[in-house]
Amino acid sequence: MFKKIFFLLFIFNLSFIRQVAPLDGNESVIGCVEKIQQSYVGNRNTKKFHRTDCNSVYKIKDKNKTKLKNRKTAIEQGYVPCKICKP
């Protein structure tokens, strides 16, 4: 029973993602999720950026936190992706 419920939830989530950000044939589902998630948290001290739900974000001092609009902007500003959350 649990496996069936999990499978249905998984399928529902994929269909929701496609409705919000449709696949164009060259994108993966991960690419669609990235379209939905718009912002990241950057660490001014280490120049790393993280997903907002990354455990490392809670360790960053408030004075070193910066909000980054998207992955492209973060990389253009010299930030590198976190190796834990892999944004």
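## Nonpolar cores

The largest nonpolar core is made up of 6 residues: Val-41, Cys-54, Val-57, Ile-60, Cys-82 and Cys-85. The model described here is a predicted one.

Ile-60, a member of the largest core, is in contact with Val-41, Asn-43, His-50 and Lys-65, leaving aside its neighbours within four places in sequence. Val-41 also belongs to the largest core.

## The sheet

An open sheet is formed by 4 strands in the order β3-β1-β2-β4, with mixed pairing. Its edge strands are β3 and β4 (80–81), each of which pairs on one side only. Strands of a sheet pair through backbone hydrogen bonds, and the pairing can be parallel or antiparallel.

Strand β1 (residues 40–43) runs antiparallel to β3, and 4 bridges join the two. Between β1 and β2 there are also 4 bridges, and these strands run antiparallel. Particular residues mark the two pairings: Asn-43 stands opposite Lys-65 in β3, and Gly-42 stands opposite Phe-49 in β2.

## The two faces of β3

In a regular strand, side chains alternate between the two faces of the sheet. Along β3, Thr-66 and Leu-68 point to one face and are buried.

How exposed is Lys-65? Its relative accessible area is 27%, so Lys-65 counts as partly exposed, since that class lies between the 20% and 50% limits.

## Aromatic rings

A pair of aromatic rings is described by the distance of the centres and the angle of the planes. The structure holds 1 aromatic pair. This pair is formed by Tyr-40 and Phe-49; the arrangement is edge-to-face, with 5.6 Å from centre to centre and 80° between the planes. Both Tyr-40 and Phe-49 are buried.

Another ring, that of Tyr-79, has the charged end of Lys-47 sitting over it, 4.1 Å from the ring centre. Lys-47 itself lies in the loop between β1 and β2 and is partly exposed, at 33% relative accessibility.

## Salt bridges

Side chains of opposite charge can pair when their charged atoms come close. The count in this model comes to 2 salt bridges. In one, Arg-51 pairs with Asp-53, and the closest N and O atoms are 3.0 Å apart. Arg-51 is partly exposed, at 29% relative accessibility, and Asp-53 is partly exposed as well, with a relative accessible area of 43%.

In the other, Lys-65 pairs with Asp-62, the closest N and O atoms being 3.7 Å apart. Lys-65 is partly exposed, whereas Asp-62 counts as exposed at 65% relative accessibility.

## Two asparagines between β2 and β3

The loop between β2 (48–51) and β3 (65–68) contains Asn-64. Is Asn-64 buried or exposed? With a relative accessible area of 17%, Asn-64 is buried, because buried means under 20%. Not counting residues up to four places away in sequence, Asn-64 touches Gly-42, Asn-43, Arg-44 and Asn-45. Among these, Asn-43 is the residue that stands opposite Lys-65, and Gly-42 is the residue that stands opposite Phe-49.

Asn-55 lies in the loop between β2 and β3. Asn-55 is exposed, and its relative accessible area is 58%. The C-alpha atoms of Asn-55 and Cys-85 are separated by 8.3 Å, although the two residues are 30 residues apart along the chain. Cys-85 is part of the largest nonpolar core.

## Residues with positive phi

Lys-47 is not a glycine, yet it has a positive phi of about 60°. Lys-47 is the lysine whose charged end sits over the ring of Tyr-79.

Lys-86 also has a positive phi in a residue other than glycine, with a value near 50°. Lys-86 is found in the segment after β4. At a relative accessible area of 64%, Lys-86 is exposed.

Notes. Residues are numbered from 1 along each chain as its sequence is written. This is a predicted model: local features need pLDDT of at least 70, side-chain atom pairs count only at pLDDT 80 or more; totals for chains, interfaces and linings use all residues. Side-chain values use heavy atoms; hydrogens and water are left out. Buried means under 20% relative accessible area, exposed over 50%, partly exposed in between (1.4 Å probe, protein chains only). Contact means heavy atoms within 4.5 Å. Two strands pair if DSSP finds at least two bridges between them. Rings of Phe, Tyr and Trp (its six-membered ring) pair if their centres lie within 6.5 Å; planes under 30 degrees apart count as stacked, over 60 as edge-to-face and the rest as tilted. A charge sits over a ring if NZ of Lys or CZ of Arg is within 6 Å of the ring centre and within 35 degrees of the ring normal. A salt bridge is a side-chain nitrogen of Lys or Arg within 4 Å of a carboxyl oxygen of Asp or Glu. A nonpolar core is a set of buried Ala, Val, Leu, Ile, Met, Phe, Trp, Tyr and Cys residues joined through side-chain atoms within 4.5 Å.
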